[in-house]
Amino acid sequence: MSSQSEADVTKTNKTFAEKQAERMKKLRELHKVRNEARTHNHQEVVAEDARIKLPQNWESRKRRAEWILNDQKEREEAAKEGKDYDRIKLLNVSAVEAERFDRMKKKKNPDEGFSDYEAASVRQYNRLIKTMAPKDMERYEEQKEKYGDAFYAGPNTIVHGLHKDRPEAVDNLVKSVEDQIAKRSKYSRRRTHNDDADIDYINERNAKFNKKMDRFYGEHTTEIKQNLERGTAV
């Protein structure tokens, strides 16, 4: 009788040990799942923060850049094979799409005349970015890996000294500014010259600047100017 009771106790102890081992195993699995979920949530938070810092039209700009790169690649392949890429491209366009593209092209960039300075600035900006070269996505990815978190600079990020302008980019900027100056000089409206007006300038550019200053501050500086001319200024 005693041997049977000892066997039952041993069986009970083994069962408890097995249950304890199963519980510990399940607990470790739960800890592992919790850590994986924590890591995944942290990665999602970092990715969402990076998406928030991107421009609003980033996805459309990225798709357009990828389309431009693919188009250039196909054009180069067609040139190597001695084929007319534009002709091949038109063969894959239906008549309905061609008509729709033609209507969009006619509606694109209509000259509505001057409305306000903000609209004029937007039109000039859109006109200038059309002359820019397509974005180099390979160089973009290299810089993204190189600079890390500083690539999407925040309010507390120090980026001074990290980026270095390429000579080609500087030359393009200089050329763009020179082209704007040359174009602006051609569209300058010729004004009638008043021989009786006071000569308070040293060249044409200084005369324009003085007229602009007089429009904004003339009513406040008229008395000071008269006192200086009479020699009675204090």
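This is a predicted model: local features need pLDDT of at least 70, side-chain atom pairs count only at pLDDT 80 or more; totals for chains, interfaces and linings use all residues.

Trainee: OK, so is Y217 buried, exposed or partly exposed?

Mentor: Its relative accessible area is 47%, so Y217 is partly exposed. You'll find Y217 in helix α8.

Trainee: And how confident is the predictor about α8?

Mentor: Helix α8 (residues 204–230) has the highest mean pLDDT among the elements of the chain, 86. The lowest, 72, belongs to helix α4 (residues 95–107). The protein chain averages 79, and 86% of the residues score at least 70.

Trainee: Back to the rings. How many aromatic pairs are there in the whole structure?

Mentor: The search turns up one. The partners are F216 and Y217, with ring centres 6.5 Å apart and planes at 50°, so the pair counts as tilted.

Trainee: What about F216, buried or exposed?

Mentor: F216 counts as exposed because its relative accessibility is 55%.

Trainee: Which residues make up the nonpolar patch on the surface?

Mentor: F209, M213, F216 and Y217, and together they have about 450 Å² of accessible area.

Trainee: Switching to α6: which residues are buried there?

Mentor: In helix α6 (residues 137–147), those are M137, Y140 and Y147. They span an arc of only 105° around the axis, so they sit on the same side of α6.

Trainee: And what's exposed on the other side of α6?

Mentor: There you get E138, E142, E145 and K146 as exposed residues.

Definitions and conventions: Residues are numbered from 1 along each chain as its sequence is written. Side-chain values use heavy atoms; hydrogens and water are left out. pLDDT is the predictor's confidence in each residue, from 0 to 100. Helices (H or I, at least four residues) and strands (E, at least two) are DSSP runs, numbered from the N terminus. Rings of Phe, Tyr and Trp (its six-membered ring) pair if their centres lie within 6.5 Å; planes under 30 degrees apart count as stacked, over 60 as edge-to-face and the rest as tilted. Buried means under 20% relative accessible area, exposed over 50%, partly exposed in between (1.4 Å probe, protein chains only). Patches are made of residues with over 30% relative accessible area and no salt bridge: like charges are joined within 9 Å, nonpolar side chains (Val, Leu, Ile, Met, Phe, Trp, Tyr) within 5 Å. Accessible areas come from the Shrake-Rupley method with a 1.4 Å probe; for residues, only the protein chains shown count as cover. A salt bridge is a side-chain nitrogen of Lys or Arg within 4 Å of a carboxyl oxygen of Asp or Glu. The arc is that of the directions from the helix axis to the C-beta atoms.
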